[in-house]
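Morning, everyone. I have one model to walk through today, and I'll keep it brief. Here it is.

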Amino acid sequence: MKVRLVDIAHARSGDKGDTANVGVIALRPEWYGIIAESLTLDRVAAHFAGVIDGGVERFELPNLNALNFLLHGALDGGGTLSLKTDAQGKVFSTAMLRMVLDVDDARARTLALPAAPA
Amino acid sequence: MSGTAASNRIVRVASGQGFWGDWLDAPRRQVEGGPVDYLMLDYLAEVTMSILQKQKERDPAMGYARDFIGAMESVLPAVVERGVRVVANAGGVNPTACAQAVLEVARQRGAAGKLKVGVVTGDDLLPRLDELIAGGHPLANMETGEPLDVVRDRVLSANAYIGSTPIVEALARGANVVVTGRSTDTALTMAPLRHEFGWASDDWDRLAAGIIAGHIIECGAQCSGGNCLYDWRNIPDLANVGYPIVEARADGTFVVAKHPGTGGRISVPSVTEQLVYEMGDPRSYITPDVVADFTSIRLAPDGEDRVRVFGITGRPATDKLKVSIAYRAGFKAVGSLVYAWPDALEKAKAADRVLRERLDAMGLRFDQLLTEFVGVSAAHGPLAISSGEAPEVQWRIGVRSSDRKAVERFTREIAPLVLNGPPTVTGFAGGRPKVEEIVAYWPALVDKSVVRTDVEILG
């Protein structure tokens, strides 16, 4: 089953220099596991290919049902150097939430995950 | 006071400003809306110090966050009559002048002699840069590894991020108001808690709790319903949003709350969003006071608009301080025009091609040219999925160059396109784009032992 990340998580992003950070938080505690499994380093790096110039780092915060990602080379130099509208990475949060996950049907039913609109 | 009463004692630290430019009304609302013991005001972002340094060069009496003086005026009755104490990093590159301006306001308001202002100095490393470099402190860029020598002649300001200790000293010496330069945002909350509860400088778990309390409230309403994605439609009355208050106990647990009757919302999701804001490695949130572990934080609802925070652990602080250095890094300008239906995006793209061809033909040298189509892909770039034809598109192009003349010439090439480029174009009323000098940020580390802070009490 296809599940939109925006339907099962919320997020906030910010900056440190040329790096954007994106914190992804499960909307329900029981959804943290599937989010942590699905948002692998490779999957997130592939999602942002062509958007960022650098690598990705991934951290887990199971205590907050959250993941934190550092997206390097995301802000055209960052801070005052950047020519981007979003020089401070404020809207990378929902760029991350554009991801669509593939979840096993039975598991999706057990977790009551909302299906992506057809 | 009995042991139990002491351990149940609550100290309230209210956040009244999340950055220089935040809501002018917030500090007054925080001291008038209900009980608070301390008001914490954060004014400094990464490049603020360099702006203040430029102001000080023009006028030696300037160089601090002027907004703070208005804020002090609005909270003065609470400070003088009810004993609310204020901690702010509004001092910028001239904390002493800032403190004197506060005392002048008090004098004008008939409160002369009723205010003691603590001034924390020693963070300003600009006068000591050559001495430090010669002494074997290269102040290498934390991101690129380059030594500061590369940009030494273009440096505008250099400030060490200092911790809570000198603020605690100022409070212990009776200051009602403490003004610092580049102290960390989190120290402004941590210091009152250390002062009130007497937390030792190696009580790592409690210090980490103080830092995390600071992190949660340092961005003002961003933890109490502002910029909150979770259930955003239903967050009530943002027009009267309540800024956050930490209700702390001696054991390092605390509740994040706001005054009754205010708007916004404090919930586990709203606090979690703020916790992950600008986060790096969550196990190691490094501050001058302690290394806090964000993976230890526990959150629980504690009634309406209240979240309890507990379980926090920390580890010993490092022997380094972060240094915020600002340097001149060339020039930039950004211009834009708006193209209307039909074929708005195609027209904007055509305009972009025409402009770039003209810039090429003139042989202008830019380090960077960046085009965005606002309304289509400025926010999410190639990840944005268009759902039909855009009714209008703002074409936005920026250039960056060490050559000021090239950037100036660019600013004159936008408006002509209104008459000699693609059709149905508007949005040029703002005139030519402005050329801005870029002041860039150079993060570095320095040995803690070389930074000496000083506390002075004025008034």
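Before I count anything: helices here are DSSP runs of H or I with at least four residues, and strands are E runs of at least two, numbered from the N terminus. And please keep in mind that this is a predicted model.

So, chain A. On that definition, chain A has 4 helices and 6 strands. Walk along the sequence and the order reads β-β-β-α-α-β-β-α-β-α.

Next, its dimensions. The C-alpha atoms of chain A fill a box of roughly 50 × 30 × 20 Å along the principal axes. The radius of gyration is 15 Å; a compact globule of 118 residues would come in near 13 Å, so the two agree. Of those 118 residues, 47% count as buried.

How about contacts within the chain? Take the contacts in chain A with a separation of 6 or more: 59% of them join residues 24 or more positions apart.

Now the interface. Here, 32 residues of chain A are in contact with 42 residues of chain B.

Last, the partner. Chain B is divided into domain 1, covering 3-123 + 161-318, and domain 2, covering 328-442. The C-alpha centres of those two domains of chain B lie 40 Å apart.

That's my tour. Over to you.

Definitions and conventions: Residues are numbered from 1 along each chain as its sequence is written. Chains are lettered from A and ligands numbered from 1 in the order in which they are written. This is a predicted model: local features need pLDDT of at least 70, side-chain atom pairs count only at pLDDT 80 or more; totals for chains, interfaces and linings use all residues. Domain bounds come from an automatic or database domain assignment. The radius of gyration is taken over C-alpha atoms; the globule rule is 2.2 Å times the number of residues to the power 0.38. A residue is buried if 20 or more other C-beta atoms lie within 10 Å of its own, exposed if 12 or fewer, and partly exposed in between; C-beta atoms are placed from the backbone. Two residues are in contact if their C-beta atoms, placed from the backbone, lie within 7 Å.
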